[in-house]
Amino acid sequence: MKRLLEASGAVLFAAGLLLLWQILAERELISPVFFPSPSRTLGELWHQVVQGLIWAPLVATGYRMFCGWALASLAGAAVGAAIGLSRAAREYLEPLLEFLRPLPASAVVPVAILFLGFSNAMTIAVIAFGAIWPVLLGSLHGFVSIEPQLADVAAALKLTRAQAFAKIAVPNALPDILAGARVGLAISLILAVVTEMQASQTGLGQNILLAQRSFRSPELYAGVVTLGIVGFAINHAIVVLERRLLRWRGAPA
Amino acid sequence: MRRILRGAAIPVAILLLWESGSRAGLLPMDTLSRPSDVAAAFAHALADGSIPLATWQTVQAALLGFAIAAATGVLAGVILGLSPVLERTVGPSIEALRPVPAVALTPLTLLLFGFGLRMEAAIVAFACVWPVLLVTVAAVRGIEPRLLEVAQALRLSFPSRLRKIILPAALGRVLVGLRVALSISLIVAVTVEIVMNPRGLGYGMIVASQSLKPDLMYAQLLWLGFLGWGLNAMLTRVFGRWHGAFGPGVQP
């Protein structure tokens, strides 16, 4: 009962905000050019969905995002494992990684344009570069932090190196890898939007930019809302995936 | 010493291979300019003041946005942290805004503010406010209840309760959020410049790339990498051993 009351309070608050916005925009107390009323934004969004205009850019953005992210996750997990399992590799590579990691991923956009032009490959390369770090570092951490007791168990059971890797190291690193992949997915969405805006490729990001250039603000807001929904959906999807893959761990720590 | 040597081995080898490969004519000069040319371009851009100016523009926008985000995030976080009812009412509306990628707002801020410092700082602030807000709410909620009871017993007014009890007790964890926000701020500022704002290092790289001056572009990229690395190293050093006013024991 109390929870129901609280939930309805939250809904009422959100609805009140939107209603206030609606009234202010209709009375033109705030400029409808900059802040179009929520009903116009939702109308535009509904129009795009009904007319099927939203799907092509959504698929284009999603496709590039997913390719870059998948590439980054696989490469990041593999490289992280390779570095994590070898002390020498760590000593040789860690300083370089420390330098590359804080580099803003969008800063490689000009470099990628120089090499690959305004192409899908350029976008995917940029996304992969940006999204690889959280996965790589997560994987590295996961493979380094194997409990000594587990290593003893592997020795006692006389596991071969391959068996120890598959049965002990990978399950140990998986939570870290997945956590990294989740951060990487959010980065992928941001970078997909960045490259679309900078390199004018069709997609949700470019739609927002074009809407702004022609002052079609309901369309602009509709685009932002769509991106927000996409951001929410992908985050939610990977949380579900994490729960399934890590079911053996029991309750989340 | 051995660690430094090993860490430097691969970067130095890459640079040497790159330079010699380029001199032997094996690498395309229009995309991979020589390290020596990059160094020359960097020295030149440093001397003529273009890199210092661009750096200042980027850092200025990052810091302004960060400051706005820090002030808003801490204030809102303290209020929401102290009142669970309010947090449950307002929280979902805030959660709905959070997944919006900050760069998606660049066209909107351009419409509102035009090109320049203000639009860039606004986007930096939007991106940076989330870590500060979430960490502050959690930190305030985690304050030892006895401290708040003391404040009540002493009949402290809200401002002095805030200043004497809440902020010092929450500081250790809030700083973690601020640290994350600060490293995000530089990245977002550069991103906004790359996407559209004609100022700062990000824009400088785009211009260098489009006017086919790869040496200048790489010089700025490396400089940016150095800035990010320096910022992170500094933050680790400063915040690494900081634990709020009541010591680490009070924080859960």
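This is a predicted model: local features need pLDDT of at least 70, side-chain atom pairs count only at pLDDT 80 or more; totals for chains, interfaces and linings use all residues.

Residues are numbered from 1 along each chain as its sequence is written, and chains are lettered from A and ligands numbered from 1 in the order in which they are written.

**Entry 1: confidence**

I checked pLDDT, the predictor's confidence in each residue, from 0 to 100. Chain A has a mean of 85, with 98% of its residues at 70 or more. Chain B also has a mean of 85, with 94% of its residues reaching 70 or more. For elements I used DSSP runs numbered from the N terminus: helices are H or I with at least four residues, strands E with at least two. In chain A the lowest mean belongs to α7 (residues 148-156), at 80, and the highest to α3 (residues 55-85), at 91. In chain B, α11 (residues 247-250) is lowest at 39, while α3 (residues 50-82) is highest at 93.

Residues 243-252 of chain B stay under 50, and the model has 18 contacts for them beyond four places in sequence. A contact here means that two residues have C-beta atoms, placed from the backbone, within 7 Å. For the model as a whole I noted ipTM 0.81 and pTM 0.85.

My classes: Ala, Val, Leu, Ile, Met, Phe, Trp, Tyr, Cys and Pro are nonpolar, Asp, Glu, Lys and Arg charged, and the others, Gly among them, polar.

I then followed α4(A) across to α1 (residues 2-23) of chain B; their axes come within 7 Å and cross at roughly 70°. Axes are lines fitted to C-alpha atoms, for helices over the stretch in contact, and angles run from 0 to 180 degrees between N-to-C directions. α4(A) and α1(B) are therefore roughly perpendicular. For the labels, under 35 degrees is roughly parallel, over 145 roughly antiparallel, 65 to 115 roughly perpendicular and the rest oblique. Among the residues in this contact are A:E91, A:Y92 and A:E94 of α4(A), along with B:R3, B:R6 and B:I10 of α1(B). By class I get seven nonpolar, one polar and four charged.

In chain A, the axes of α6 (residues 120-144) and α8(A) come within 7 Å and cross at roughly 160°. That makes α6(A) roughly antiparallel to α8(A). Their contact has 18 nonpolar, eleven polar and one charged residue.

In chain B, the axes of α6(B) and α8(B) come within 8 Å and cross at roughly 155°. That makes α6(B) roughly antiparallel to α8(B). Here I get 21 nonpolar, three polar and two charged residues.

**Entry 2: around α5(B)**

Which residues of α5 (residues 106-113) of chain B are buried? I listed B:T106, B:P107, B:L108, B:T109 and B:L110. Their cover includes α9 and α10 of chain A together with α6 (117-141) and α8 (158-195) of chain B. Just after α5(B), B:G114 takes a positive phi of about 75°.

B:R155 has a positive phi of about 50° although it is not a glycine. B:R155 is in the loop between α7 (145-153) and α8 of chain B, and is exposed, with 8 other C-beta atoms within 10 Å.

B:L212 also has a positive phi, near 50°, without being a glycine. I found B:L212 in the loop between α9 (200-210) and α10 (214-240) of chain B; B:L212 is exposed, with 11 other C-beta atoms within 10 Å.

How values were computed. A residue is buried if 20 or more other C-beta atoms lie within 10 Å of its own, exposed if 12 or fewer, and partly exposed in between; C-beta atoms are placed from the backbone.
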